[in-house]
Amino acid sequence: QVQLVESGGGLVQAGGSLRLSCAASGSIRSIYFMGWYRQAPGKQRELVATITSSGSTNYADSVKGRFTISRDNAKNTVYLQMNSLKPEDTAVYYCNADVRNRYSVNNYWGQGTQVSVSS
């Protein structure tokens, strides 16, 4: 089994910054895709940013130029640096990863961390 544990959420004023972390642990041979998604109240979960094992990144248009995703493969950890935060960034942020164990590749979700941006 694999666990993804997010941290770093909180309350910040508009224009501020937060850094989210997500650490994977458990039965891990390698991690392919890692990403961050978010879900605001009353809305569907949406992609924020993704990063492959080789470091290729992809961002939602709404966060381009403000958010940066990165990963530390040695620590099985993915980060999301969020700058110039806006009230519309308020949501629960979820970590997601495709993890290879000894027998298969499975997709996992973290429990989520709340990010609240006040105007």
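In this predicted model, the side chains of D61 and K64 meet in a salt bridge, with 3.1 Å from N to O. D61 has a relative accessibility of 66% and counts as exposed, because the cut-off for exposed is over 50%. The structure holds four salt bridges.

Another of these pairs is R66 with D89, whose side chains meet at 2.8 Å, N to O. R66 counts as buried at 11% relative accessibility, since buried means under 20%. D89 is buried too, with a relative accessible area of 1%.

D89 also takes part in a salt bridge with R38, where the closest N and O atoms are 2.9 Å apart. This pair links distant parts of the chain: R38 sits in strand β4 (residues 30–39) and D89 in the loop between β8 and β9 (91–100), 51 residues apart. R38 is buried, with a relative accessible area of 5%. Through shared partners, salt bridges join R38, E46, R66 and D89 into one network.

The strands come next. Four of them form an open sheet, in the order β1-β3-β8-β7, with antiparallel pairing. At its edges are β1 (2–7) and β7 (67–72), each of which pairs on one side only. From one strand to the next, the twist averages 15°. Within this sheet, β3 (residues 18–26) and β8 (residues 77–82) pair in the antiparallel sense over six bridges. R19 has Q81 in β8 as its bridge partner.

Key
Residues are numbered from 1 along each chain as its sequence is written. This is a predicted model: local features need pLDDT of at least 70, side-chain atom pairs count only at pLDDT 80 or more; totals for chains, interfaces and linings use all residues. Side-chain values use heavy atoms; hydrogens and water are left out. Two strands pair if DSSP finds at least two bridges between them. Helices (H or I, at least four residues) and strands (E, at least two) are DSSP runs, numbered from the N terminus. Axes are lines fitted to C-alpha atoms, for helices over the stretch in contact, and angles run from 0 to 180 degrees between N-to-C directions. Buried means under 20% relative accessible area, exposed over 50%, partly exposed in between (1.4 Å probe, protein chains only).
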